[in-house]
Amino acid sequence: MQRFLNDPDDIVDETVAGFVRAHRGLVRLDPANPRVVVSTSAPQPGRVGIVTGGGSGHEPAFIGYTGRNLVDAVAVGELFSSPTAKSFADAIRAADGGAGVAVLYGNYAGDNMNVRMAKEMVTPEGIEVETVVANDDVCSAPLSERERRRGVAGEIFMWKIGGAKAAKGGSLAEVIASAQKAIDACRSVGVGLGPCTLPAVGHPNFRIEPGTMEVGIGHHGEPGVRVEPLKTADAVADDMLQIVLEDHGLAEGAEVSVLLSGLGATPINELYVLYDRIESQLDAKGIHVHKAFVGNYFTSLEMVGATLTIMALDAEMKELLDLGAEAPGMMTGQVAAATAAGAGQSRHAAVKAAARQVVARDVSITGASVPVAGSAGIVREVAAVIVSNKAHLSEIDGLIGDGDHGINMAKGFGRAAERIPADASLDAALAILSDVLMSEIGGSMGPLYGFMFEAMAAEVAGRPALDADGFDAVLAAALKGVRKTGNAQVGDKTLVDCLVPAVEAFSAAKAQGFAPALVQMSGAAIRGRDSTVDLVAKLGRASRLGERSRGVPDAGATSCCLILTTLADAITRRLG
């Protein structure tokens, strides 16, 4: 067996660590438990939390469905083994926003036992927990004993529908009802062509003879209903479809969603060959496919094979299925912005905000000033400008970069604006913005701007108001924050080309008064932004282009200019 391994016993922990690093904008580790992966937008106050969990080796299930409008927290087990009761309990705690938690998981003995224990552990803490158990695997038990069936890839539809109902503000009872309705509408079957190997074992734990296939196989290699000679792709698709439809009893005119998942070692092109036959046969039976998912959605290490899941739809299910969701394993539609103040604030952000010790500063205020209390609107105005310039910033970035600057900036600033209470203080608003940028936005701009706003928040905290001297100190802190993680210098074609001259211009002009110094800062920021047009990039992705990077403004300098000029305008209007 040749694998990319260090110590086989560490494969799960190392998988989770790499997964969280790779998808840091969507997920994080629960600080209380490294076997719990949490959405960066969870918990959401007043919203039902969604939790699942299961054994590793099925990636992207289960951790890959952690994200916005999907699963809020996932308990991670060893390969093919249930997570512990503690991990399930910690996942429940991490997802709890005060409206209860729906635990949606597969019908396996270990999971049933540990979820039950976890529920008992958190009930004394006042967390209301309800469960739905997936049992969509047709071949694991007859329809008359459906309660004995395994949960397989139909769990994905259960998470999608349950998460959508929670995102739309459903109560715990309503979320549970929708998730139950989803799994009740699912039928699944798997066909295996080759076994898989647990790394710590070193050899397959079951065998499929060459030239044969296992019909009705489970995700861990559990035997199916029969072993047959290997057939053509069309014949296999017909067999899978027949098994599912005979159990489903769908009438002509029905609408469905189809999920066809590889088991880990099946080439994607072969999955599309199967899917082509499946949809053509559904069409022939008068069954319409509303939405299809084809790819590796629920795998089993390197098993060769595929699973077919068909979910019957009605109007409500279609609406919930179509609601935008964003997770590493599934991206669908537009993700609606949270509407409630503070919605989506991560536990990290909440703890960080609660832990901030604001000590009053003994400073004298001279001349015109802006009160710190209740001035969160300044930050919200900055966020609005970034969001409104999303397309412009991405267009600039796309000329010499990867084109995602506006997208990521708008996402971060937009999410922060949603979470900043209207009556918050300026330092609190800056701290929330910093937390979102550093915990939910990838690339280089997340930490650069995150540290910038974190330093600004720390400098503002404790001041009753900001006068010219105070804002000069805030700007100096902002520059120091940027340089905490980056080493760019003026002339490197980065945001520093805008920030440095702006900071210097304000400091030089502050003796003239707060408002005139803000005008000088804005002018310097604009000139600094424009100076990057004639520069050759020396850092970042654009630096690989050499002279080809000349003639285009730097996207970071452009967004920095928007931030600084908007700050100047917002503060000027509030000067008293």
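Analyst: Val436 has a relative accessible area of 1%, so this residue counts as buried, the cut-off for that being under 20%. The model is a predicted one. Val436 belongs to helix 13, which spans residues 426–440. Between Val436 and Leu308 there are 128 residues in sequence, and their C-alpha atoms are 38 Å apart in space.

Three elements each supply at least two lining residues: strand 13 (325–327), strand 14 (330–332) and helix 12 (405–419). Of these, helix 12 gives the largest share of the lining, 6 residues. By residue class, the lining of the second largest pocket holds 7 nonpolar, 4 polar and 6 charged residues.

On the surface there is a nonpolar patch formed by Met113, Met117 and Met121. Together these three have about 240 Å² of accessible area. Met117 is located in helix 3, residues 109–122. Its relative accessibility is 36%, and Met117 is therefore classed as partly exposed, a term for values between the buried limit of under 20% and the exposed limit of over 50%. Val436, by contrast, is buried at 1%.

Key
Residues are numbered from 1 along each chain as its sequence is written. This is a predicted model: local features need pLDDT of at least 70, side-chain atom pairs count only at pLDDT 80 or more; totals for chains, interfaces and linings use all residues. Side-chain values use heavy atoms; hydrogens and water are left out. Helices (H or I, at least four residues) and strands (E, at least two) are DSSP runs, numbered from the N terminus. Ala, Val, Leu, Ile, Met, Phe, Trp, Tyr, Cys and Pro count as nonpolar, Asp, Glu, Lys and Arg as charged, and the others, Gly among them, as polar. Patches are made of residues with over 30% relative accessible area and no salt bridge: like charges are joined within 9 Å, nonpolar side chains (Val, Leu, Ile, Met, Phe, Trp, Tyr) within 5 Å. Accessible areas come from the Shrake-Rupley method with a 1.4 Å probe; for residues, only the protein chains shown count as cover. A salt bridge is a side-chain nitrogen of Lys or Arg within 4 Å of a carboxyl oxygen of Asp or Glu. Buried means under 20% relative accessible area, exposed over 50%, partly exposed in between (1.4 Å probe, protein chains only).
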